[in-house]
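Here is a short tour of how some parts of this chain pack together.

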Amino acid sequence: MAQRFIDEIKRTHSCGELTAKDIGKTVVLFGWVHSRRDHGKAVFIDLRDRAGVTQVVFEPRFDEKAHELAGELRLEYVLGLRGVVESRGGNVNPKLPTGEIEVHVSELEIFNRSEPTPLLVEDEIDTDEQKRLAFRFLDLRRPVMQKALITRSRINQITREHFAGSGFLELETPFLVKYTPGGARNFLVPSRMSPGKFYALAESPQLFKQLFMVAGFDRYFQIVRCFRDEDLRLDRQPEFTQIDVEMSFVTQDEVFTAVEGLIAKIWKELLGVEIELPLQRMEFDESMRRFGNDKPDLRFGLEHVELTEVVRGHDGGGVPMLKEAVDAKGIVKAIRVPKVHSLSRKDLDELEKDAKGMGAKGLARAKIGEGGEWTQSPLAKSITPELRGAINAACGAEPGDLLLFQFGREAMVHAVLANLRLILGKKFGMIPPYGSGGQWRFLWVVNPPLFEFDEEAGTWVAAHHAFTRPHDEDVEYLETDPGRVKCYRYDLVLNGFEIGGGSIRLHKPDVQQRVFKALGISPEEAQAKFGFLLDALKFGAPPHGGIALGMDRVAMLVTGAASLRDVVAFPKTQKGTDLMTGAPGDVDDRQLAELHVKRSLE
RNA sequence: GGGGUGGUAGUUAAGCUGGUUAUAACGUCGGCCUGUCACGCCGAAGGGCGCGGGUUCGAGUCCCGUCCACCCCGCCA
């Protein structure tokens, strides 16, 4: 049997589009009850769909049956209705785009009723995230979430327009791949047809997109899901989406240009913001020196001050801890907190606790006195006036300022001070709020070292993937001084988030062999692990390079979302579970037997 | 693996230094209401405080353990 609405009466408008120009029209709206105001003889309902909210009114004089039924309406009931668009006269609601009009309802159908919802479908409700995730289908009804996902959809569309419009092919790569070592932990998928063997879920299409270049496709892009079995953060989900790009016969600058064009379009269309191109660039070394990491948030200062040479020049300046640090090839750095930002003893104790949580031994500090002397400092007694003066000068310290020090292993000092800088920036309110203008600080971080020294293993390891092209002028140091070799690797950073990264690839087999050698990887081992790519390089691989953008992170920043979870329709919790479906879940023994897998849990 | 924050009616929260029947708002239920848009008014139901131990005459309130969520370090580009 045909139902009156849907089958016979079709929707004419969304709930977000009716304005004064539609007055007099008979319209059909479908949507959810967003709120109700029942005055007995007049019932006002705000009807919501993804386009917006429209006030509809039920009165006996419009239709008695509809008015009677309207008394039963509750939040989140799903309705179909027909009525006439009328002016609100003197009762305009300026908060709504549709606030000039209302619909006087002559016919109503309740498609479905709703139990009281476990969370309110409203933007400003600060609901426990546990509940939001468990009832994600309701959470996703909230207008902010709908806007976020609509924005995300637009980013995908703009990406396709941008790349397809400049000669890129959208090609797909497999998710079920062979495990290759290095990088992130992979999710593993047991093979039914190959007993005892496993696929890995691709952590990125990296090797495949390079093979596309070898195959001659020249310019490739893909909006692709990637999988990494690593711990989650607010900007990390185990499955996430990359805008993956690879190009042949290009320089680093040409890769940048392709990406910058996309970034500019996204910001222009979705935020109305003109991004000035080309984007700022910074050497990796400079980023480490000034900010202690390779993804600096440039929206505020509190930069690190490098003091290692100063301290060494004074041979520790009478402070045993400083002397030990520089003698052991450690570094010394400080952050100057200007006088205007006061930190209580309690604040400092908390900061010290944070620092210790990140591997610091403590948090030495010094308050600068009127004559440049140090107070409230464990270093004050032993330090020589000469070193103290030199440090003050290096930091540009004024009376009333506070210096916070770290010294010791370089990696530790950087990690601690980089995080301390962020903590202080937030604490002092130095980070501009979303939407305040001038807050989009993009940055290319370029030319990092090809290798980093693994102190535990006592060997050089690839800082990135092992197919990154070293700078030509550094190739001669591959064997003699690996730490000095820089490479064509680049990260795109926005406001402290890494939103993209890539490299120009090594396409020459001989240099590749030398890189493997420097990494202590034998030819046999290399062949076993990356054989198919090495083979490919032998058969006329073009020079190529590319980048991958973290699409979810871009969406998060564009929408001003507080977490990646707010731009992912169905995200995982920090433990990687799905509170709505219960994934990961149990499977029965027969399924496992078929896969030749046994549980080792009790 | 480690550090931190939180878990109280359907929802969001309050509950100070442990003390009679655990508060409020929204929602829900019943009644009234023709201009509301945080509608209003009258009335009602609804939880025993994540879970398990313990201390105590007495525990949301203190202690221990545990689970879950979130933030961070490690890990991850």
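A residue is called buried when its relative accessible area is under 20%. Keep in mind that this is a predicted model.

With that cut-off, Val511, Gln512, Val515 and Phe516 are buried in helix 13, which spans residues 509-518. Why do they sit on the same side of helix 13? They cover an arc of only 145° around the axis, and that places them together on one side.

After helix 13 comes Gly520, with a positive phi near 75°.

## The largest nonpolar core

Next, have a look at the largest nonpolar core, which has 39 residues. Trp267, Phe442, Trp444 and Leu492 are the members that touch the most others. Several elements supply at least two residues each, including helix 4 (143-164), strand 11 (239-248), strand 18 (442-446) and helix 15 (551-559). The largest share, 8 residues, is from helix 6.

Beyond its neighbours within four places in sequence, Trp444 contacts Phe256, Val259 and Glu260, among others. Its list of contacts also includes Leu279, Gln280, Arg281 and Met282, as well as Tyr490, Asp491, Leu492 and Ile547. Another core, of 24 residues, lies apart from the largest one; Leu450, Val475, Leu506 and Ala536 are among its members.

## Helix 10 meets helix 12

Now turn to a helix pair. Helix 10 (residues 345-357) and helix 12 (residues 410-427) have axes that come within 10 Å and cross at roughly 145°. Their crossing is right-handed.

On the helix 10 side, the contact involves Asp347, Leu351, Asp354 and Ala355. Helix 12 contributes Val416, Leu420, Ile423, Leu424 and Lys427. By type, the residues of this contact divide into 6 nonpolar and 3 charged, with no polar ones.

## Gly408 in strand 17

The last stop is Gly408, found in strand 17 (residues 402-408). Is this glycine buried or exposed? Gly408 counts as buried because its relative accessibility is 14%, and the cut-off for buried is under 20%.

Gly408 and Ile331 are 77 residues apart in sequence, yet their C-alpha atoms are 5.5 Å apart in space. Leaving out residues up to four places away in sequence, Gly408 touches Ala325, Gly330, Ile331 and Val413.

How values were computed:
Residues are numbered from 1 along each chain as its sequence is written. Chains are lettered from A and ligands numbered from 1 in the order in which they are written. This is a predicted model: local features need pLDDT of at least 70, side-chain atom pairs count only at pLDDT 80 or more; totals for chains, interfaces and linings use all residues. Side-chain values use heavy atoms; hydrogens and water are left out. A nonpolar core is a set of buried Ala, Val, Leu, Ile, Met, Phe, Trp, Tyr and Cys residues joined through side-chain atoms within 4.5 Å. Buried means under 20% relative accessible area, exposed over 50%, partly exposed in between (1.4 Å probe, protein chains only). Helices (H or I, at least four residues) and strands (E, at least two) are DSSP runs, numbered from the N terminus. Contact means heavy atoms within 4.5 Å. The arc is that of the directions from the helix axis to the C-beta atoms. Axes are lines fitted to C-alpha atoms, for helices over the stretch in contact, and angles run from 0 to 180 degrees between N-to-C directions. A crossing is left-handed if the near helix is turned anticlockwise from the far one by less than a right angle, and right-handed if clockwise. Ala, Val, Leu, Ile, Met, Phe, Trp, Tyr, Cys and Pro count as nonpolar, Asp, Glu, Lys and Arg as charged, and the others, Gly among them, as polar.
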